[in-house]
Amino acid sequence: MTIQDPKSKYPKPPFKRQEQPWPGLAGKMEPRPDHGETSYKGSGRLAGRRALITGGDSGMGRAAAIAFAREGADVAINYLPDEEADAREVIDLIEQAGRKGVALPGDLRSEAFCVQMVTDAVDALGGLDILVSNAARQQTRASILDISSEDFDATMKTNIYAPFWIIKAALPHLAPGSSIIGTTSEQANDPSKDLYDYAQTKAATTSYVRSLAKQLAPKGIRVNGVAPGPIWTPLQVSGGATMEKLEQFGGDTPLERPGQPGELAGIYVRLAEEDGSYATGQVYGAMGGGGRP
Ligand code: NAD
Ligand code: MG
């Protein structure tokens with residue numbers, strides 16, 4: 001790989017204002033996010049592993065799915081039915097890597113669906129070694145007064161309840177050496193004023209990573225988190241950020257640009273692979289120089 005200046009490697013603000021209905025599609029973003037489609041090269045680090053990734057159609061989940069497949073893993077992805085177009089591209093990329101790709105569309109706000117999804121993943125993959133709980137809902141609201149109970153509930157269900165239901169369902173299938181990875185955020189420690197509900201769910205994510213790591217260490221199951229800073233994904237253009245914030249997105253970091261999902265792929269691989277065996281209860285950040293995991 002050629003050496004590149006991280007400041008100029010990817011697009012920087014100002015960005016074009018653009019808005020999509022939730023949950024948004026990567027395929028409709030300008031510029032299109034880079035999930036490592038043309039750049040990620042595997043070297044067998046996850047040969048024969050079986051992974052389930054929520055939110056695997058776009059953003060960090062898609063970057064992880066591409067990388068995992070190129071590292072030799074079979075990969076099941078969950079996403080919302082409206083995201084079929086993005087998900088199809090990911091399944092194609094997994095298959096082009098010579099691995100099995102399993103599409104499991106459905107809404108994680110339902111406990112029954114979460115349980116069924118895990119069962120379906122285990123059946124289709126012949127077991128499970130890696131669980132990436134990555135899906136989340138983020139809607140910017142200027143005031144707490146603008147957050148309805150339905151709104152609050154949707155964020156809590158997606159970001160807090162779903163990981164709880166999914167991890168519970170997956171646990172009986174995870175043998176020693178397995179890895180659980182949660183996507184948390186810089187918001188866990190440095191919450192924005194307009195992300196009152198979302199930020200608390202990310203604090204909860206960082207907390208469950210640290211709690212479960214202690215609880216599951218005796219079983220030989222590692223639990224870690226990835227904490228992104230501002231990353232160019234559909235979540236931000238479908239209500240996650242204001243248009244003012246989007247225009248200047250990532251410009252206030254020391255690298256003066258947002259991250260691309262593909263820049264975090266290697267962290268997910270690192271936390272899943274055998275060589276990462278001493279990492280548990282850790283949160284690895286990628287924030288362009290700002291924030292703290
Ligand atoms: P993204 O929009 O690409 O991914 C989020 C995914 O969540 C969607 O693709 C969707 O499939 C899934 N999802 C949401 N609600 C769902 C539901 N009810 N049922 C099933 N799936 C649902 O955006 P992303 O930024 O890659 O988000 C991935 C993770 O990264 C999230 O946990 C998010 O909190 C975290 N994160 C993102 C940023 C950022 O700046 N983009 C920063 C910090 C943390
Ligand atoms: Mg998506």
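In helix H8, the residues Ala265, Ile267, Tyr268, Val269, Leu271 and Ala272 are buried (under 20% relative accessible area, with exposed meaning over 50% and partly exposed in between, for a 1.4 Å probe and protein chains only). The model is a predicted one, in which local features need pLDDT of at least 70 and side-chain atom pairs count only at pLDDT 80 or more, whereas totals for chains, interfaces and linings use all residues. Residues are numbered from 1 along each chain as its sequence is written, chains are lettered from A and ligands numbered from 1 in the order in which they are written, and side-chain values use heavy atoms, with hydrogens and water left out.

Helix H8 spans residues 265-272, and because 6 of its 8 residues are buried, the helix is largely enclosed by the rest of the structure. Helices (H or I, at least four residues) and strands (E, at least two) are DSSP runs, numbered from the N terminus. The cover over the buried residues of H8 includes H1 and the strands E4 (130-133), E5 (179-183), E6 (222-228) and E7 (283-286).

The magnesium ion (ligand 2) is coordinated at 2.1 to 2.2 Å by Asp57 (OD), Ser58 (OG) and Glu83 (OE). Donors are N, O and S atoms within 2.8 Å of the metal (3.2 Å for Na, K and Ca); water is not among the atoms, so sites may look incomplete. The sequence spacing of the donor residues is D-S-x24-E. Asp57 lies in the loop between strand E1 (50-54) and H1, and Glu83 in the loop between E2 and helix H2 (84-96), so this pair ties together parts that are 26 residues apart in sequence. Asp57 and Glu83 are both buried.

Ligand 1 is surrounded by 32 residues, of which the closest are Ser58, Glu83, Asn134, Tyr198 and Thr233 (a residue is near a molecule if one of its heavy atoms lies within 4 Å of it). The side chain of Ser58 places an N or O atom 2.6 Å from an oxygen atom of ligand 1. A backbone N or O atom of Asn134 is 2.7 Å from an oxygen atom of the ligand. Taken alone, ligand 1 exposes 800 Å², and the protein buries 98% of that (Shrake-Rupley method, 1.4 Å probe). At least two shell residues each come from H1 (59-70), E2 (74-79), H5 (196-216) and H6 (234-240).

Glu89 is located in helix H2. At 29% relative accessibility, Glu89 counts as partly exposed. Beyond its neighbours within four places in sequence, Glu89 is in contact (heavy atoms within 4.5 Å) with Arg32 and Arg62.

How values were computed. A polar contact is a pair of N or O atoms within 3.5 Å; within protein, one must be able to donate a hydrogen and the other to accept it, and residues adjacent in sequence count only if both atoms are side-chain atoms.
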